[in-house]
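Please keep the structure open as you read.

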Amino acid sequence: MSSVLQTDIGTYRYITAINKAINNLEIPVKQKHVRLAIIGTFHEQGAQTFWMAALRLPFMDDRIVAWKLCHVVHKVLREGHPLCLVHSQRHRKELDETGKLWCHLKEGYGKMIRLYTTLLMTKLDFHKRNPRFPGHLGVTNEELESIGANDINNYFQLSVEMFDYLDNILELQTAIFGSLDMSRSNSMTSAGQCRLAPLIMCIQDASRLYDYCVKILFRLHSSLPSDILIGHRDRFFKQFKELKQFYQNTNALQYFRNLITVPPLPERVFAETAQLPYAGGVEDLRDARGGCTFRRRRSVRG
């Protein structure tokens with residue numbers, strides 16, 4: 001078999017997998033089709049064929065197709081070839097137009113599609129400004145420090161961008177859970193699972209963003225006066241409460257039990273520095289696994 005024919009067959013299978021993944025059936029996206037689509041991005045070394053196929057689908061006419069398009073795009077951005085993030089930048093307009101079209105449906109999929117396209121655009125913007133973060137957001141402590149370049153201004157801006165990213169995730173999950181009912185769309189029905197399935201990636205992204213925010217806040221409090229960071233602390237504590245509720249809602253559903261382990265969060269966070277004047281920084285800011293606390297460092301007076 002010639003290499004040209006092999007390439008044609010591979011491309012056909014790739015496009016077929018995309019078409020099967022993004023269909024109009026109100027059931028969860030089948031992972032075998034998504035896997036083939038992701039593998040295809042590595043064979044192609046990018047997402048050009050993916051977008052060529054995806055943009056031919058009737059996502060402007062069918063809300064289920066639009067919802068599944070968002071889901072599969074999210075998967076490709078997270079797990080596909082690194083150049084998928086680059087190639088997808090030029091399709092930000094299509095995502096925006098899709099969200100604007102469906103937002104006229106005030107309830108259900110209309111609202112969720114708009115919030116999902118907003119999240120995907122935020123993700124694209126984040127990676128455009130911070131290209132050293134991979135699509136799945138996983139970096140080591142050393143890599144995070146290298147990205148910050150030991151510059152407090154970089155850490156300050158990065159934390160704002162991560163807060164914005166987390167806000168979009170939390171808004172989407174609130175809309176998804178709010179769209180469920182006890183009859184047709186619950187976690188034990190295909191229709192309910194179609195809505196819930198993207199939350200797995202939302203949990204994965206939110207967990208990493210939360211951990212990075214904790215570490216960056218530690219760095220910021222060790223270098224800046226406490227009153228400058230009031231806005232950061234307010235956003236962090238608000239997101240902590242919402243994230244904890246998100247995780248609790250997810251843990252309560254049987255659907256997620258065998259699909260993802262929801263990361264633990266501490267029972268509460270303490271905001272001592274929110275009421276106390278700056279006294280040299282933060283003594284202790286534990287990460288999300290062991291409990292997150294802000295504590296005032298005792299000032300040293302000569």
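## About the model

This is a predicted model, in which local features need pLDDT of at least 70, side-chain atom pairs count only at pLDDT 80 or more, and totals for chains, interfaces and linings use all residues. Residues are numbered from 1 along each chain as its sequence is written, and side-chain values use heavy atoms, with hydrogens and water left out.

T117 is buried, at 0% relative accessible area, while R114 is partly exposed at 22%. Buried means under 20% relative accessible area, exposed over 50%, and partly exposed in between, with a 1.4 Å probe and protein chains only.

Beyond neighbours within four places in sequence, T117 is in contact (heavy atoms within 4.5 Å) with C70, L95, T98 and G99. On the same terms, R114 is in contact with D96, G99, K100, C103 and M121. R114 and D96 are 18 residues apart in sequence, and their C-alpha atoms are 8.1 Å apart.

## The buried face of α8

In helix α8 (residues 141–148), L144, I147 and G148 are buried. Seen down the axis, these buried residues fall within an arc of 100°, so they line one face of the helix; the arc is taken from the directions from the helix axis to the C-beta atoms. Their cover includes α9 (152–179) and α11 (199–221). After α8 comes A149, with a positive phi near 55°.

## Salt bridges

The whole structure holds 12 salt bridges, each a side-chain nitrogen of Lys or Arg within 4 Å of a carboxyl oxygen of Asp or Glu. One of them pairs R219 with E145, at 3.9 Å from N to O. R219 lies in α11 and E145 in α8, so the pair ties together parts 74 residues apart in sequence. R219 is partly exposed at 23% relative accessibility, and E145 is partly exposed at 46%.

Another joins D164 and R235, at 2.8 Å from N to O. This pair links distant parts of the chain, with D164 in α9 and R235 in α12 (residues 230–251), 71 residues apart. Salt bridges that share partners also join K75, R78, E79 and D205 into one network.

Conventions. Helices (H or I, at least four residues) and strands (E, at least two) are DSSP runs, numbered from the N terminus.
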